[in-house]
Amino acid sequence: MVLLSTCNRVELYAAGENDAAPPAPGQLVRFLAECRGIDSADLEPVLVRESDAAAVRHLFSVAAGLDSMVLGEPQIVAQVKQAWALAREQETAGPLTAGMIQAALRTAKRVASETAIGRERLSIPSVAVADFARGVFERFDDKRVLLVGAGKMAHETLRYLLEAGARDIVIVNRSAPRAHDLAARIGARVGRFEALVDEIASADLIVSTTGATEPVVSLDAFAAAERQRGGRPLLVLDLAMPRDFDPRIGSRPGVWLYSIDDLGAACDANRRSRARELPGALAIIDEETRRFMGDLHHRSSAPVIERLRAGWAETGEAELDRLFRRLPSLDDASREEIRQAFDRYAAKLLHSPLASLRQESHAGPPHGLLDALRRLFALED
Amino acid sequence: MADFISRISVVCFAASYLVALACEASRLLFRSGVRGAVMVGFAGAGLLAHTLFLAWRAAHEPVVPLSSPYDWYLLAAWLLASASLWLTLANPRTPVGLFMLPLVLGLIGAAELSSTVPFPRSPATQVWGAIHGGFNLAASVAVAFGSSTGLMWLIQAGRLARKQAPSRLRMPSLEKLAGFTGRSARIAAWTAAAGFASGLVLNAVNSSQGLLDTVPWTDPVVLRMGALVGWLAVAALVGRAAVRRPEGARTVAILSLVSLAVLTTSILWGVLGPSRHGAPAAAATAAEVPR
């Protein structure tokens with residue numbers, strides 16, 4: 001049994017061992033309810049039950065992030081790995097669930113590498129830094145980042161900038177205590193709000209998130225800063241609503257100005273791009289599900305194949321013994337040659353039925369063929 | 001092994017580069033998990049074949065290794081293909097080959113149209129000839145490389161100006177591309193000037209020793225190389241002056257494309273036009289080396 005628990009789901013995967021049936025769904029529901037101290041009847045309305053190929057396909061979709069609220073989100077893979085690690089630690093998993101989890105992780109890897117479903121970013125701060133700031137600047141450790149305002153969005157954007165290597169950070173905020181508080185946490189310098197034009201003149205990247213109702217930086221104020229900049233490019237991420245920077249500043253040469261609407265539109269485009277990747281991802285899920293189920297069904301025919309091989313080997317050995325007794329003059333090399341010929345002959349005869357079994361396994365358990373083999377070759381259980 | 005290397009032809013590596021270019025172009029159409037490996041595989045195989053081909057020619061030329069216009073273009077193509085592969089390996093998500101491999105194929109095409117007759121040299125002019133050819137080679141490769149990065153800068157700047165999220169063709173940052181383009185422009189100007197100056201010295205040595213015909217100032221090669229050197233110097237100076245202006249990087253990117261146009265014109269002029277450049281003196285003859 002493997003329990004997968006994330007923000008939006010609790011899933012229990014169960015499989016029987018050695019042809020034994022898995023626990024009945026009712027037992028699993030009672031188990032879950034007892035764990036949480038609730039009545040199992042309360043769980044019924046939110047329960048989804050899947051079995052066989054549908055359950056496998058569901059796990060593969062979950063691991064690939066296709067069942068997540070944010071399509072293609074990658075963290076789910078780590079959560080599947082954690083669930084598997086826990087199951088191993090508690091010794092609740094068997095070979096079937098192990099195989100299924102490994103196949104799910106392999107499927108998630110294929111979806112991630114063969115489609116772009118999880119590649120584009122979807123949050124405004126991450127898009128601002130990854131798709132736009134990194135498009136302008138190669139490195140951030142030699143850039144000055146100016147934070148105008150100290151709101152939540154600024155904090156979030158700063159997190160991505162720090163990850164990208166930003167070190168020289170200046171915070172300018174009307175409320176000095178709040179600026180000092182944030183500066184102390186990230187090792188930044190606090191600038192005076194009154195000296196904003198000078199701070200803009202020396203900045204390379206500005207993140208602006210004030211709650212002001214009028215633009216904080218007018219075109220004239222920017223023109224004053226622009227003269228001191230020496231032609232250096234400037235990236236402005238205006239994440240305030242309404243805007244902090246006069247939109248006309250964006251048409252100044254060397255200035256890359258992005259408002260929250262621009263970044264929101266880029267996020268939507270990325271979301272649509274992920275959705276376009278969905279058919280490709282689903283095709284991989286289907287392919288991997290078919291492969292897994294085919295292997296699983298084929299494994300169920302292993303005992304019959306084993307008995308068939310053993311029976312043929314036994315008959316072959318008996319015939320060889322009889323032959324070698326009648327031809328005592330044969331040397332060891334000749335005996336070995338004859339033995340190998342027998343083995344090859346048996347393998348060639350077995351090839352077609354085994355290939356048919358494998359082929360049939362892709363469509364479901366090959367009960368008909370297995371039964372025919374048992375009856376044709378008198379294979380007893 | 002030697003027999004195998006001797007059978008490598010221009011078609012072998014040109015076809016490999018063409019397949020690598022097709023792989024790069026397919027980024028525009030669909031995504032693939034194996035395309036990167038296939039693309040690098042073909043580009044690498046092409047570069048290996050290209051290297052062996054040049055090594056074979058260098059070892060079997062009767063005069064100075066790789067001293068014909070044909071070899072010179074193939075050497076320039078080899079340098080650019082090496083730079084393209086290096087950048088592709090360093091930036092796997094950037095379609096570097098889409099911009100550089102057409103130039104590599106263009107140089108191979110120019111080689112096919114060029115003479116395989118090595119420039120006649122004597123011990124007295126061999127060093128100056130190598131310096132002259134080396135600087136011109138470096139200038140051409142720098143112009144081609146700079147124009148590729150300049151074009152990438154303009155595409156990336158266009159995407160950022162339209163406020164679009166990155167497309168399937170992911171470009172390096174403007175900062176990196178501007179650095180490459182600016183440095184290439186300066187290197188191209190200095191090496192072209194040094195190539196031209198060393199050509200003058202070579203001409204003087206040749207005429208004093210009667211080894212080659214003196215190339216007159218009105219010779220098409222002198223005119224086109226002079227025009228190229230003049231343009232590259234202007235481009236480098238304008239680029240340097242513009243660097244402290246907000247539109248400086250855009251100016252440098254556009255200049256790099258104009259430099260490529262000037263270089264292409266110069267090459268076509270050289271390939272198709274008559275010249276006394278590298279012609280042996282009346283008494284001397286030079287044998288053509290098979291392609």
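In strand E4 of chain A, A:Val170 is the bridge partner of A:Leu146. Keep in mind that this is a predicted model: local features need pLDDT of at least 70, side-chain atom pairs count only at pLDDT 80 or more, and totals for chains, interfaces and linings use all residues. Residues are numbered from 1 along each chain as its sequence is written, while chains are lettered from A and ligands numbered from 1 in the order in which they are written.

**Strands around E3(A)**

- E3(A) covers residues 144–148, and four of its five residues are buried (buried means that 20 or more other C-beta atoms, placed from the backbone, lie within 10 Å of the residue's own).
- E3(A) pairs with E4(A), residues 168–172, in the parallel sense over five bridges (strands pair if DSSP finds at least two bridges between them).
- Helices (H or I, at least four residues) and strands (E, at least two) are DSSP runs, numbered from the N terminus.
- To get from E3(A) to E4(A), the chain passes through helix H7, residues 152–163, in a right-handed β-α-β crossover (with the strands pointing away from you, the path from the first strand over the helix to the second runs clockwise).
- E3(A) also pairs with strand E6 of chain A, residues 205–208, again in the parallel sense, over four bridges.
- There, A:Val148 has A:Ser208 as its bridge partner.

**Where chain A meets chain B**

- On chain A, 23 residues are in contact with 17 residues of chain B (contact means that C-beta atoms, placed from the backbone, lie within 7 Å).
- Helices H5 (95–114), H6 (124–136) and H11 (260–276) and strand E8 (255–259) of chain A each supply at least two residues of the side that touches chain B.
- H6(A) gives the largest share of that side, six residues.
- By class, this side of chain A has ten nonpolar, seven polar and six charged residues (Ala, Val, Leu, Ile, Met, Phe, Trp, Tyr, Cys and Pro count as nonpolar, Asp, Glu, Lys and Arg as charged, and the others, Gly among them, as polar).

**Domains**

- Chain A is split into domain 1 (2–118 + 277–289), domain 2 (124–268) and domain 3 (301–376), with bounds from an automatic or database domain assignment.
- In chain A, the C-alpha centres of domains 1 and 3 lie 40 Å apart.
- Chain B has domain 1 (1–118) and domain 2 (120–279), and their C-alpha centres lie 20 Å apart.
- In chain B, 21 residues of domain 1 are in contact with 18 residues of domain 2.

Key: Two residues are in contact if their C-beta atoms, placed from the backbone, lie within 7 Å. A residue is buried if 20 or more other C-beta atoms lie within 10 Å of its own, exposed if 12 or fewer, and partly exposed in between; C-beta atoms are placed from the backbone.
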